[in-house]
Amino acid sequence: MSMALERLGVIGGGAWGTAMAQVIASDGSDVLLWARETEVVEAVNADHANPLFLPNVPLSDRIRATGDLGALADCDALVVVAPAQFLGAVLAEAPCGDRPLVLCAKGIEAGTQRLMSEVAADAAPAAPIAVLSGPTFAHEVAAGHPTAITLACADEAVGLALAERLRRPGFRPYLSQDVVGAEIGGAVKNVLAIACGVVEGAGLGQNARAALISRGFAEMTRFGLARGARAETLAGLSGLGDLVLTCSSSSSRNFSLGKGLGQGIPAADLLRDRRTVAEGAATAPVLADAARAAAVDMPIVDAVCALLAGQAMVSEVVTALLSRPLKQEGR
Ligand SMILES: NC(=O)C1=CN([C@@H]2O[C@H](COP(=O)(O)OP(=O)(O)OC[C@H]3O[C@@H](n4cnc5c(N)ncnc54)[C@H](O)[C@@H]3O)[C@@H](O)[C@H]2O)C=CC1
Ligand SMILES: O=C(CO)COP(=O)(O)O
């Protein structure tokens with residue numbers, strides 16, 4: 001199938017939306033970036049910069065910003081990078097029609113327990129849906145560092161057309177048809193990154209971090225399989241790949257949030273007045289509820305919930321996790 005994907009638009013002028021606009025512009029393509037903040041629109045257009053969300057990165061002059069979602073009506077496809085909890089509201093105002101939507105947020109909608117593809121399917125029933133997810137710190141991608149990512153779309157031809165349009169010498173999508181699997185990896189790893197940040201902040205050591213990554217991956221796999229994801233997607237870039245990245249670095253906002261918790265700072269203080277997102281904080285309680293509903297055991301996710309809610313001390317959750325009944329590793 002040949003598909004006209006000439007003009008691309010990006011919805012969301014945070015760090016990742018700006019970095020995706022930079023990727024698109026890197027081969028000389030013009031790209032229209034919708035940003036919610038007037039100061040972002042002005043800085044992108046006047047200074048080719050986004051100091052609010054992606055500081056110290058010179059942006060391509062091929063990126064033009066707008067504060068008017070209606071201006072995206074001329075685009076052939078939309079890369080959608082509004083944070084998970086705002087996706088539904090933003091798409092309700094966007095001119096989606098039957099244009100392919102490439103969803104980039106990593107999270108589960110609070111209240112409804114919907115994955116991003118479910119939110120988008122309700123808001124834009126005629127639009128083909130793809131999910132782009134993987135180990136991608138925005139500042140590295142914007143700087144052109146080598147990056148590989150999962151692009152999942154149930155319609156193989158649409159997925160291939162999008163991957164061809166988005167690939168760049170330093171940005172390599174791998175194709176998948178497992179949309180749910182790609183989404184679950186990204187949503188769950190954010191919660192697990194908070195747990196790994198706690199380990200760092202509390203000085204619990206590298207062994208504990210490796211144990212959390214490994215046992216966290218077991219939780220991700222159990223939940224993903226229960227929701228129809230494929231095991232190979234969860235073991236790929238959008239699952240294990242992104243888990244390893246965000247569990248290893250203070251460049252992750254989720255890891256940093258956990259580090260603060262591990263240092264004994266209350267979640268409310270860490271989350272108050274922040275302009276950047278730590279998606280795992282909103283996803284953790286809804287993921288824990290969804291896991292319970294699916295009869296899936298996720299003790300690390302439960303521990304993160306308890307810490308975020310201020311219901312337990314770090315020492316208490318560590319003791320609780322380690323004193324669970326012994327079990328077989330593969331179950
Ligand atoms: N930053 C990164 O390295 C990566 C981020 N992502 C995902 O991309 C999504 C967006 O994250 P970032 O671009 O990093 O955001 P950011 O933390 O850099 O910026 C916050 C974003 O939230 C938006 N926002 C705040 N309140 C809003 C509201 N009421 N309605 C609509 N939008 C609102 C802001 O306009 C801004 O675009 C998240 O789901 C994140 O997990 C995915 C891959 C990499
Ligand atoms: O998703 C990301 C990298 O793949 C970014 O992680 P944080 O949202 O934790 O910064």
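View 1. The model is a predicted one, in which local features need pLDDT of at least 70, side-chain atom pairs count only at pLDDT 80 or more, and totals for chains, interfaces and linings use all residues. Residues are numbered from 1 along each chain as its sequence is written, while chains are lettered from A and ligands numbered from 1 in the order in which they are written. The open sheet is formed by 8 strands in the order β3-β2-β1-β4-β5-β6-β7-β8, with mixed pairing (two strands pair if DSSP finds at least two bridges between them; strands, E, at least two residues, and helices, H or I, at least four, are DSSP runs numbered from the N terminus). Because β3 (63–66) and β8 (171–176) stand at the edges with a single partner strand each, one side of each is left without a neighbour in the sheet. From one strand to the next the twist averages 25° (axes are lines fitted to C-alpha atoms, for helices over the stretch in contact, and angles run from 0 to 180 degrees between N-to-C directions).

**View 2. The β1 and β4 pair.** Strand β1 (residues 8–11) runs parallel to strand β4 (residues 77–80), and 4 bridges join them.

**View 3. The two domains.** Domain 1 (8–177) and domain 2 (186–322) divide the chain, with bounds from an automatic or database domain assignment, and their C-alpha centres lie 25 Å apart. In all, 18 residues of domain 1 are in contact with 20 residues of domain 2 (contact: C-beta atoms, placed from the backbone, within 7 Å). On the side of domain 1 that touches domain 2, β7 and β8 are the elements that give two or more residues.

**View 4. The shell around ligand 1.** Ligand 1 is surrounded by 25 residues, of which G14, A15, W16, A105 and T276 are the closest (near: C-beta atom, placed from the backbone, within 6 Å). Helix α1 (residues 15–25) supplies the largest share of this shell, 3 residues. Both domains give residues to the shell, so ligand 1 lies between them.

**View 5. The shell around ligand 2.** Among the 13 residues around ligand 2, T136, T246, S252, R253 and N254 come nearest, and α10 gives the most to this shell, with 3 residues. Since domain 1 and domain 2 both contribute residues, ligand 2 lies between them.

Terms used:
Contact = placed C-beta atoms within 7 Å.
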